[in-house]
Amino acid sequence: MELHLNRPNDAPAVLDFHRFVLLFNHSFTDRIRFVGELELEHAFVEGLEAAGELELEQAYLDFLISRAVNVRAGMLLMPLGILNERHEPPVFQGVERTFVDTVIIPTTWFEVGAGVHGEVGRGWRYRAYAVAPLNALEFSAEEGIRGGRQKGAEADVSNVAYTGRLEYLGVRGLQLGVGGWRGESGFAVPRLDSEVWLAEADARYRLDRLELRAQYAHVGITDAARLNDAIERTTGVSPNIARQLRGFYLEAAWRVWNGGPARDVVVFARHENFDTQFRMPEGYIPLEEFDRTAWVVGATYYPDPDVAVKVDYTTLKSRSGFVRLPRSLNIGLGWWF
Amino acid sequence: MISSFSIVQSLLLFLFLQSTPRIVQVEAERFDFAPSRITVAPGEEIELHLTSADTAHGFKVAGTDINVEIPKRGQGEVVVRFKADGDGPWRFECSRMCGAGHHFMRGEIVVKTPKEKDRP
């Protein structure tokens with residue numbers, strides 16, 4: 001559960017019950033399991049209006065065969081980045097999720113599909129899924145591929161996308177991961193071969209009071225010029241979609257008080273850079289307002305390991321001399337049980 | 001007299017060490033156990049000291065009666081003993097729903113002879 005108060009410097013404060021999540025699980029047998037995750041965003045859903053969202057983020061069956069190979073099918077979380085599969089509010093620092101995990105890797109990214117997962121050797125873990133692709137007609141200059149998620153809602157699977165992740169967990173405190181996604185995403189437009197790929201690498205390291213995180217993500221969209229033409233013919237406006245997007249962040253967190261429940265305070269600082277117009281198709285000019293940098297500094301107080309009281313100050317800047325992005329004070333309350 | 005006392009003392013110490021199970025520290029964190037693969041000698045008894053780096057987790061070893069709750073971070077540890085009676089392997093997993101990736105939290109206890117354990 002996440003409750004946020006966002007106070008930008010140039011707009012009224014907003015109080016939002018951002019996420020209310022219900023998790024379900026059931027074991028049919030020791031080897032056949034079900035997991036479901038239903039999420040209500042922004043507390044309120046009303047038909048035909050831009051309000052909240054009710055999302056089925058996970059609903060899959062796991063067929064547990066062996067340590068090395070297991071089969072999973074249903075609504076799956078894409079195995080990309082640090083946050084997409086690991087987004088309980090006490091797990092990450094800051095009131096809002098990272099910008100990179102919002103506009104470069106569009107968390108929470110979930111799709112219908114099936115695949116295999118398992119662990120091999122000493123601490124090597126993998127996932128490999130075939131899933132429904134993105135819909136390139138919904139891409140945008142500002143939010144990249146985020147709008148293209150089909151979310152398992154009567155998803156067009158005339159083409160199939162593939163995604164996977166390899167993690168190394170063999171050293172205590174260290175988690176390294178690389179992930180990828182590739183799929184033909186121009187199915188909504190005849191004769192458009194717009195393939196999308198995403199590659200990312202991430203690392204987490206925890207040593208005593210210190211926790212470090214780093215992530216890099218890069219997206220490629222082939223035939224972006226024809227995709228822009230196709231959208232312009234439909235809407236009358238060129239969306240100025242890039243052929244490459246990329247972002248990264250570095251975060252350091254320090255546990256100031258390390259005394260367990262009721263005495264746990266973590267301070268952190270995070271630097272992010274994300275550009276949804278990193279490389280443009282020939283003939284298109286990148287808008288500098290989409291090359292953005294963020295500094296987020298703040299603290300999290302844990303009265304219980306499952307309850308996080310968060311405060312941060314976020315400074316967002318772009319390379320554009322004309323567009324001023326807001327600075328904001330954010331306060332959040334997150335809990336999990 | 002003194003030397004035979006020392007021999008008895010050493011023998012008792014040897015027997016004590018032989019009967020004391022090896023301690024294995026296991027840390028649970030969303031969504032993995034570290035280590036997730038524990039190697040034991042045939043018939044060896046080990047003592048698992050289980051802690052959490054975040055929320056409460058479960059620790060269940062399939063095919064045994066071991067199924068305990070690991071307390072939340074900062075709330076101590078739970079200790080269980082496991083004896084490798086058989087060839088294994090024994091699968092273990094988190095038995096308490098701990099988040100979106102709960103079902104990734106699995107591991108195994110494998111039996112290897114000392115020679116096999118030395119191999120990379």
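## Chain B

Chain B holds two helices and nine strands; helices here are DSSP runs of H or I with at least four residues, strands are runs of E with at least two, and both are numbered from the N terminus. From the N terminus on, the order is α-β-β-β-β-β-β-β-β-β-α.

This is a predicted model: local features need pLDDT of at least 70, side-chain atom pairs count only at pLDDT 80 or more, and totals for chains, interfaces and linings use all residues. Residues are numbered from 1 along each chain as its sequence is written, while chains are lettered from A and ligands numbered from 1 in the order in which they are written.

Of the 120 residues in chain B, 33% are buried (20 or more other C-beta atoms within 10 Å of a residue's own, with C-beta atoms placed from the backbone). Take the contacts in chain B between residues at least 6 apart in sequence: 60% join residues at least 24 apart. Contact means C-beta atoms, placed from the backbone, within 7 Å.

## Chain A

Chain A has two helices and 16 strands. Buried residues account for 41% of its 337 residues. Among its contacts between residues at least 6 apart in sequence, 57% link residues at least 24 apart.

The C-alpha trace of chain A spans about 60 × 55 × 40 Å along its principal axes. Its radius of gyration is 20 Å, which agrees with the value near 20 Å for a compact globule of 337 residues. That radius is taken over C-alpha atoms, and the globule rule is 2.2 Å times the number of residues to the power 0.38.

## Interface

Chain B gives 21 residues to the contact, and chain A gives 28 residues. On the chain B side, five are nonpolar, eight polar and eight charged. Nonpolar covers Ala, Val, Leu, Ile, Met, Phe, Trp, Tyr, Cys and Pro; charged covers Asp, Glu, Lys and Arg; the others, Gly among them, are polar.

How values were computed:
Two residues are in contact if their C-beta atoms, placed from the backbone, lie within 7 Å. A residue is buried if 20 or more other C-beta atoms lie within 10 Å of its own, exposed if 12 or fewer, and partly exposed in between; C-beta atoms are placed from the backbone.
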